[in-house]
Amino acid sequence: MASFDRRQFLQLGAAGLALGSSVPFLRNPIFRRALQAADCDLLPAKKMLIIWQRGGNDGVNTVIPYGDSVYNDTTRPTLFIDPADSIDLNGFCSLHPALAKLHEVYLDNQVAVMHRVGYPSSSLSHFSGQKYWENGEPGNLNNDVGIVNSLIGADPLLDGHQFPGAAVSYQHPQLFQGPRVLSHISDLRDYSLGTDPADVKLIGALPGMSDDGSGLLGIYSQPGSSQVYNGLIKNTGLAMTAGIDHLTCRGVDANSYTPYGAATYPSNSAPEEFTSGTSFNFFRQIQQAVQLLKETDVRVVGVELGGWDLHSNQGGVEGNHATRLSEIAHAVRSISIDLQDPSRNIWNDTVVLTNTEFGRTSLENASEGTDHAKSSVVFVSGGGVNGGTWNCDGTTWSDGDLTAIDENYLPHQTDFRAIYGEIIGDHFGLGASLDSIIPNYSTLGLTFPGIIA
Amino acid sequence: MNARNSVCYIRRLFAAMFALWISVTVLDAQTGIAAGPTPVGLDQYRPFVRGDANVDGNVDIGDPVRILEYLFPTGPAVTLATLLPCRDAADCNDDDTLDIGDPIYLLTHLFTGGDAPPAPFPDCGDDPTSGLLISCNSYPPCAGFTDDDTAGHVLRRVAYGATPNLLDQVIAMGAEEYILEQLDPASIDESSNDRLNDLMATLVPQTSRNDLYRMHFARGLYSEKQLLEQLVDFWNNHFNTYYWTLRNHFWFELSGLYNNSEAQVQATILEHTESETFRDLALTTFEDLLVASATSPAMVIYLDSDNNVVGNPNENYAREVMELHSLGDDVVYVQNDIIPVARCFTGWTVCKKAPADYGDPHAPCLLDTDPTGVWSFHFEPGDHDYDEKVIFAGTPHELVIPAGDAIGNPEGGLDDGLAMLAKLASMPETAEFISGKLIKKFVSDTVPPALLADCIGSWLATGGDLHALMSTILLSDEFLGTANRWDKLETPMESVLSTVRAYDGTTDTWPVLGAIADMSHLPHNFFTPDGFPEVDSLGTQKLLYRVQFNARIYLETNPSYDLALLLSDYGVDLNSASDIVDYFIRVQYQSNVTTIDRQLAIDFLSSDESGTPTALDPMAADYDNRLETVAAFIASYPQAVQQ
């Protein structure tokens with residue numbers, strides 16, 4: 001449809017500028033991006049990447065407490081993994097063999113392996129469990145503000161910033177939702193505005209001192225009406241254009257990204273060892289999240305991986321669960337390598353955190369799977385993390401703890417909010433704002449587990 | 001009253017009013033009481049004619065008289081509701097207050113040629129300027145009248161948005177009549193709906209995954225049974241099964257019986273069959289739907305009923321049938337109920353059967369490898385747990401399913417699960433949960449308690465009859481009134497389809513499929529059993545994908561639009577930017593946009609591609625492109641994501 005191409009348009013723009021262009025043209029977003037490009041140094045900052053394991057990961061077969069006599073081939077006939085086949089951590093606990101690549105990072109003391117993470121009166125519902133992990137307020141289903149949204153809102157450096165946080169996922173996670181609209185990107189390759197003249201006209205310009213702006217920016221920058229959602233939609237539109245401005249300013253090009261060193265992000269068309277179909281584009285989204293961490297100011301990015309709700313056919317050393325775990329391990333190892341890229345080494349400033357809404361029953365069910373349960377495993381990794389194993393040793397673990405609740409559930413030892421609390425306080429330096437990020441934090445009586453060096 | 005008498009009467013009236021006006025003002029000054037005009041409280045809003053204070057269908061001398069009777073009562077106290085049942089009609093000058101200015105305004109109009117009352121006048125309509133400060137509790141002369149706003153609202157919720165033709169049709173036939181027709185889809189004859197039928201004839205939704213999605217989009221775009229399609233989407237999502245779990249089942253769990261593409265065909269067959277069953281039962285009873293879901297091979301596989309056997313119950317279906325399908329999260333049931341409920345469903349599984357035996361739980365199974373067989377629901381007596389089950393023990397809902405029904409009597413075993421489903425379908429908590437979810441879909445994210453109570457009443461009185469339930473919801477004041485308009489988000493599917501419908505676009509649905517896939521909102525593609533949330537998270541990229549889909553109007557030829565023809569058909573002046581903009585914003589938003597929104601669109605249409613103001617000229621080479629870009633622009637307003 002375009003009667004002239006982008007280059008011609010930009011040349012015309014430059015000519016217009018030289019001749020003293022009209023004010024409306026100066027406000028054109030394309031022009032604003034050009035202005036910003038000259039002043040586009042990356043802000044130094046602490047960062048975080050969160051990997052959400054949707055569906056409830058079986059912590060017991062992730063970090064295997066073989067020192068508990070309940071873990072055996074009677075309680076888990078098809079799921080049981082012989083200690084000899086797993087990767088020993090401390091003589092009590094071992095990693096699932098599919099986590100070999102994560103173990104490489106662990107050996108550098110850069111992974112905190114945290115067992116028995118949960119919260120009191122843990123929900124067995126996917127819906128409630130996810131909500132509580134994301135709003136940081138177990139028991140309150142009506143709190144729609146995610147921890148990450150509050151975290152970014154509490155950081156004065158990010159006030160008014162164009163691109164402070166981004167979920168790289170198919171659905172916009174509750175974790176990122178709240179009063180401050182953050183970016184939600186399902187595929188960074190599609191995350192741009194057209195640059196043909198009709199596209200530029202459609203997007204238009206923000207209002208100036210004496211006019212209402214033009215195009216969609218003119219519409220979306222007006223105050224929200226009294227209708228529910230009208231303000232949210234307008235803020236979403238503005239966050240979208242602001243984020244794209246930032247990406248354009250930084251020259252982020254998702255089609256030409258080269259991972260550093262041995263980092264790889266297998267694609268569906270070349271799945272390497274990952275053959276199962278439920279992890280669609282997980283590595284593509286991990287790669288895009290890493291690219292955003294390296295090339296933009298973004299503080300927090302999130303990625304999701306489904307396929308953990310293994311009520312049947314879970315598998316042991318091999319199988320569905322092993323495949324999911326190998327994907328996590330591969331991702332963490334590639335992230336750790338890629339973020340040590342000498343051109344942008346931010347590994348020491350970044351925390352990679354895995355979450356899941358609950359663990360699974362310690363006893364295998366009749367379908368060669370496991371059902372919803374209580375506590376599970378969290379991995380925290382990063383150049384500035386205290387590596388080690390938490391809550392899985394003969395000192396803190398009593399024999400039979402695996403089935404201490406209702407003869408089937410493993411109780412929690414560390415509240416997930418304490419992990420977030422330490423990251424917020426000791427990594428991001430926002431400890432003074434903890435209560436505004438995690439509701440009632442100071443009344444919970446939690447102590448930081450000591451994962452941040 | 002003849003003309004001469006009325007003039008005399010008017011003079012006297014004016015004089016009396018003036019005297020009262022003075023006295024009231026003086027009185028206020030003396031007492032210091034802030035008298036002033038009284039703002040009128042919140043209440044009902046409905047179409048009316050401004051000026052017709054006595055609601056007799058005519059604007060005449062009787063109206064200022066009635067207002068004066070209210071303002072200056074002389075006789076015994078009469079209630080406001082009796083004197084002015086529609087206060088907004090008495091607000092003749094539309095300043096949102098009832099005072100002496102109103103009769104003066106109307107008298108000036110009636111007898112001295114002053115300005116006519118602001119809209120709605122002289123025809124029925126909603127108050128375009130207010131709706132908040134002053135209300136209209138009763139206005140019988142406009143009963144049955146449907147204005148733009150009401151028609152647009154009904155079409156955004158009951159249908160996948162207005163088409164130019166349908167908006168006028170609903171106004172002409174009346175919103176309630178349209179809803180009644182939609183509630184009886186069998187009465188709608190689509191045999192001559194060529195656009196739909198020709199498109200459907202190109203699809204093979206039974207075996208092609210993409211055609212299954214496209215079937216939903218084709219019907220949503222072009223079927224006249226719009227409510228039915230909305231309900232199919234609702235029930236598919238309520239009883240969610242994830243397509244890729246089924247594909248994985250057939251690909252990975254059947255010992256190499258199917259390769260990937262064959263496994264996809266099998267998964268498509270199950271999803272298509274299930275969806276068409278929901279379509280058949282969408283307006284029957286909830287219990288029918290619940291049983292259809294429980295015995296659907298897609299559900300049996302998705303939630304592991306096929307692994308649920310005596311001695312080793314699988315919790316998956318038992319938990320979700322209560323939490324997600326009937327009672328709601330943690331309502332009535334406790335953890336100790338999960339296992340007994342699971343035991344009721346032991347032996348429920350799938351196997352291949354002869355096509356003639358499809359759905360017969362007792363018909364013999366064929367070998368998995370039998371190419372003549374189809375995957376069907378099956379009850380396997382040997383896998384059923386025949387011991388006693390006690391569910392909701394110790395509560396008023398306690399259900400005891402006695403032991404027995406020997407294996408030789410398979411019907412007995414199958415009855416355990418059916419009894420459990422019947423129990424769930426009959427419980428008031430289920431009535432509340434399902435009604436609330438439907439109210440959230442059709443009426444408001446915040447469930448109005450009175451409407452919920454009506455729905456529960458309807459459910460309990462009719463045994464969960466869904467036609468009665470939907471009638472209760474869609475004919476309620478909460479739905480038809482103005483209180484709950486524009487306050488919900490459109491789903492990606494609603495948003496994309498409504499753009500095509502608003503501009504009467506023609507498409508083979510491939511671009512629709514692409515856009516909705518980009519927005520991760522394809523039917524049968526939510527991976528956890530709770531389904532897509534009704535309040536879909538609106539992310540920046542989903543909004544961007546919507547704008548990008550709208551930009552196809554000027555970028556691509558599919559969907560194809562002939563906007564100049566459309567405008568001509570509706571008599572819009574092709575030279576007038578404001579008339580064109582007004583027409584488009586009427587069809588999509590019933591003109592509910594701000595002055596700035598409207599002006600920016602007129603400016604947009606009155607400028608060339610570089611934004612330089614240039615008059616619109618139907619003869620100019622850029623004319624069609626201008627129409628297409630302004631159409632994309634208007635379709636991308638924030639209101640396009642609201643409903």
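Cys86(B) and Cys136(B) are both buried, where buried means under 20% relative accessible area, exposed over 50% and partly exposed in between (1.4 Å probe, protein chains only). The model is predicted, so local features need pLDDT of at least 70 and side-chain atom pairs count only at pLDDT 80 or more, while totals for chains, interfaces and linings use all residues. Residues are numbered from 1 along each chain as its sequence is written, chains are lettered from A, and side-chain values use heavy atoms, with hydrogens and water left out.

With a disulfide taken as a pair of cysteine sulfur atoms within 2.5 Å, the count over all chains comes to four. Cys86(B) and Cys136(B) form one of them, with sulfur atoms 2.1 Å apart, and a torsion of -120° about the S-S bond makes the link left-handed. Cys86(B) sits in the loop between H3 (80–83) and H4 (87–90) of chain B, and Cys136(B) 50 residues away in the loop between H5 (101–112) and H6. Helices (H or I, at least four residues) and strands (E, at least two) are DSSP runs, numbered from the N terminus.

Cys124(B) and Cys142(B) are also joined, at an S to S distance of 2.0 Å, and their link is left-handed too, with -95° about the S-S bond. Both cysteines lie in the loop between H5 and H6 of chain B, so this pair ties together parts 18 residues apart in sequence. Cys124(B) is partly exposed at 22% relative accessible area, whereas Cys142(B), at 4%, is buried. Counted along the chain, the bonded cysteines of chain B pair as 1-3, 2-4, 5-6.

In chain A, Cys93(A) is bonded to Cys392(A), with an S to S distance of 1.6 Å. The torsion about this S-S bond is about 55°, so the disulfide is right-handed. Cys93(A) lies in the loop between strands E3 (87–88) and E4 (94–95), and Cys392(A) in the loop between E11 (388–390) and E12 (414–415), so the bond ties together parts 299 residues apart in sequence. Cys93(A) and Cys392(A) are both buried.

Turning to the helices of chain B, eleven of the eleven residues of H23 (residues 492–502) are buried. Asp504(B), which follows H23(B), has a positive phi near 55°. In H27 (residues 577–589), the 13 residues should span 18 Å at 1.5 Å a residue, and the end C-alpha atoms are 17 Å apart, which agrees; the expected span is 1.5 Å times one less than the number of residues. The buried residues of H27(B) include Ala577(B), Phe584(B) and Tyr589(B). Just after H27(B), Gln590(B) adopts a positive phi of about 50°.
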